Amino acid sequence: MKRIIASLLIAVLLAALLFSLTFSVSASGPATESVSLDIFNKEYWSGGDGVADISVKKASGNPLLTVSAKADAALVSFSCGFDPMDLSKYTELAVNLAVRGEGENYDITVTLFAGDTSSSFTETVTSEDAVLYVPLEESVSLSLSGISVSARSDSLPISYINLISVKADNTYTYSYIKTFSSTDVYSEGSLKRSPDSVTVTPKGGEADLYFDFIDTATDTQSLLVWFTLADAYTGSVCCETLDKDGNLYTSPQQIISRKGTYTFSLTGGFRELALRFSSLSESTSGVTVTAAGIYTVGSIERSFGTVTSCRYDGKRISVSGSLSSDATSGYYGSRILLYAIPASEAGSCDLEEYEPVASSGFSTKFRINCELDRSYTEYFYKTVLDTKDGLLPIGSICAPSGGMTSPSTTNAVSALYGADAADVFETNVSSVIMDISAGKLLESDDIYSAQIYNYQKKTYYFDKDYLSDLDDRMRFYTAAGVNVYLRFYSDRDGYAFDYSADNSESLSLMCAVSGFISERYPQVNGYIVGVAANDHITSLTAEYAEARARLVAVFSESIRSKNPAAQIILPYSESAPADPFLSCSLISHYLSKYKAGATVCMYEAAKNAQDSYAVASQLASVCAQMGAQSGGGAVLWNVPSTLSAKEITDSYRNLCINSAAQGLSFAALSVTRTDKDSSLYDQLKVMLDMENLISASISQIAPMESEPAFSGSFALWDFTSSYDTASWVSGGSFSPPITAKGDGGNRVMMAKSSGLAEGAGILICRTEASLNMSDVCARVSFSVASETAKAADVTVIFGSGESRAEFSATVECNKPTSVICDMKEFPGGANVDYAALIIRGDAECTASLSKIEICSPRLDSSELEARYAPDIPEEHNPLLYAIIIFVAAGTVMVFSVLWKNQSSRKKDNTP
């Protein structure tokens, strides 16, 4: 209500200005949005340099101020004056104009006047329409009385300038609250100035820059200062501030590439700011700053304490913290209140509109608990003191955390994105990224055959076919010991993450889907938040960053409420319109403000450089810098289609090595843009096996052996008389495995392929416990049936997360085959976690696995059974076995009757 009244008052004031000012203002919305200046009266404007005529025209039905230039004029300027107006509620003027002429680029300067005071802003634009975001400095915004515009070309003539609109606004589109100008920068050393940059020459590997336009900041501001550097190599850059008491604060960062943006978060006031470079390379002739600015990311709210923890223990929310000395001395005896605020309203909530969910007595160290009748993940929590002076904040608003655990770290950082299961397994990477689409998961047509899921008294229907495909892939990767990361999209096509932080229904849908998936697949290592955080936007605002942080905080807790160890990964793209460094820093600021827990940052790039070492170093280093903002790092390289398999492999090798050295979670290679040439996967496998720090395991390849004399054998898996697939799963081109009758009458485990041209067929099973096979052989009995192929290439693998033994052979099709794998020479034989059978070829085939036996030349069968047989309880209950036999007999009888009925119906062709 207060906002509505304020908006109405502003609208009335603006309407009054329409009649009282010669230079009028028309309201286009509430003051928090924008107001348009009425510029379409040529009598307001006077011409300066190079102006031939000023007129008002119409284009597409809208008025347009046109300033025509004199012949051969390379400088055109025009201005107007008007009665002073107060625009202090706004932060900038959005000046929309277009310059036409023979040049390609034009320097536009907009100067604002308030009596004798002025402020100028200069930006280079192209011949296309452009919007300049001109900061409304406090010195002119209180009493704006004039504006001038000038356009300058590099000696090429200007034809005319169209002024389309001028609006007072509160949004930031790469605008600066304080503008960058080379005249506002000075140095104690040699300094070279240009219109859009400054270059400082280092002395002894060090250099300093001082920025006048970044001047005194108040104690109530939270700021993000950023600089874009060029021609800087190795060394460090430090943002140094001096507060009003003369205290010096520094925040150094490593310089990671010749060109990059560096951001520094500052809280509170300072009276001087400097950019200091140190340990620069001897070959660095100069460091160039091409852009600089400050974002105000919010005011610092005076707090009467701190919140150290906001956790969910499975039953209740518990918030802990401590009160400040000001609270103790001034408000002793006041009660502490806890508010639960819907996450969709946490950005701008008024506590007077809510009732507290819990309260407690005054305590310098407090803990306050509450229980909710809805999902705790969709709420943020705020603690206040209830005093005679009103509700006083204790710390910031907090996102809940439900017992997060830190994911285990590993040097095995290799990962593939966009590859099928066969390629992932054969390449021997440690991780895989899979896409998951909420749009495909949600069933809207046949809800009667859907998977039902209830969340917050609402029923959701999920597509069983889609889930079945996910189940199969998850079982395969789990059996293979491959880490899985899911990239979560909201739409069917995998192009969006369009949930809204400001809409409770959207948040509930996101929580329902993400909660269901994380509960169904607890083995998933991490979740990537769909598209890049800086994607689909041409501007980056503090409001957008805060909303995105709230959305990520809710998504994170929804996942971690079911899978506490899962990483939440927020991607940033080099190709998105908004600078990834600024967006990462802004969003990380609000994640920190909400105490939303560490979120891994993933830097996504599609570098086309031929220098593989430069590509690898830059990607990993950039990601490490960005990851430092938010608790971790990962990198995804979208491989350009122009690179050869060798160039890709060489670059990816260095990317993995750099990533492992810097502690990144993974370094993923996306093959979605390649032709998936098998040579790429072959070369990747060789490279990963050589670099044992970055692969899942080391492969030792050996040929199959002829069968020696064995003293005994024991069947680990025997399908000749079993209906059980014994947890075996398929991958690649194979259908799900089943048990069926083989050619000899015995049962076999069977998987069919419609043709293996697109990849190998894989059967794999993870053992219940690690097996010691260091001194034995494995005998694998199988057959490959095909109507067209005469032979098939076969690989048998026994391995673990550390290493794996691969045994290869070419076998004759349509013939029972038994191969021997000697594990005695295999270093990792003492710790085997899975077995796999790979069939390669380009024809339709059926693979039938009969047995996998442990054989030994010195141990007899009883000794092998004692080592490998599962433990059998010593005591047995005869009554229990009688019940089992009785139930089994009854089941067989019922099954027989049903089978006879089914057979008769088939013969009669009746329903």
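Let me begin with the surface: the accessible surface of this protein comes to about 41,900 Å², and 49% of that belongs to carbon and sulfur atoms, the areas being taken by the Shrake-Rupley method with a 1.4 Å probe and, for residues, with only the protein chains shown counting as cover. Please keep in mind that this is a predicted model, in which local features need pLDDT of at least 70 and side-chain atom pairs count only at pLDDT 80 or more, while totals for chains, interfaces and linings use all residues. Residues are numbered from 1 along each chain as its sequence is written, and side-chain values use heavy atoms, with hydrogens and water left out.

As for the overall make-up, the protein has 14 helices and 51 strands, where helices (H or I, at least four residues) and strands (E, at least two) are DSSP runs numbered from the N terminus. Of its 911 residues, 52% are buried, and buried here means under 20% relative accessible area, with exposed meaning over 50% and partly exposed in between, for a 1.4 Å probe and protein chains only. If we take the contacts (heavy atoms within 4.5 Å) with a separation of 6 or more, 74% of them join residues 24 or more positions apart.

Now to the interior. A nonpolar core is a set of buried Ala, Val, Leu, Ile, Met, Phe, Trp, Tyr and Cys residues joined through side-chain atoms within 4.5 Å. The largest such core has 135 residues, and the members that touch the most others are Phe425, Phe488, Tyr527, Trp637, Phe666 and Ile764. Helix H8, residues 542-560, gives the largest share of this core, 10 residues. Another core, of 43 residues, lies apart from it and includes Met749, Leu763, Phe826 and Tyr868. Returning to tyrosine 527, and leaving aside residues up to four places away in sequence, we find among its contacts Leu486, Phe488, Ile517, Phe555 and Ile559.

At the N-terminal end of H7 sits a cap, asparagine 503, which has a side-chain oxygen 2.9 Å from the backbone nitrogen of glutamate 505.

What about the cysteines, and how many disulfides does the structure hold? The structure holds 0 disulfides, a disulfide being a pair of cysteine sulfur atoms within 2.5 Å. The sulfur of cysteine 601 is 4.1 Å from the closest cysteine sulfur, that of cysteine 584, and is therefore too far for a bond. Cysteine 777 is in no disulfide either, with the nearest cysteine sulfur, in cysteine 855, 7.2 Å away. Cysteine 601 is buried at a relative accessible area of 0%, and cysteine 777 is buried at 2%.

Let me turn to some individual serines. Serine 437 is found in strand E31, residues 431-437, and counts as buried at 6% relative accessibility. Beyond residues up to four places away in sequence, serine 437 touches Tyr466, Tyr489, Asp491 and Arg492. Its side chain makes polar contacts, that is, pairs of N or O atoms within 3.5 Å, where within protein one must be able to donate a hydrogen and the other to accept it, and residues adjacent in sequence count only if both atoms are side-chain atoms. One runs to the backbone oxygen of aspartate 491 at 2.4 Å, and another to the backbone nitrogen of glycine 439 at 3.3 Å.

Serine 401, in the loop between strand E29 (390-398) and strand E30 (414-417), is buried with a relative accessible area of 10%, and touches Cys310, Arg311, Tyr312 and Glu557, not counting residues up to four places away in sequence.

Finally, is aspartate 842 buried or exposed? At 66% relative accessibility, aspartate 842 counts as exposed, and it is found in the loop between strand E50 (832-840) and strand E51 (845-856).
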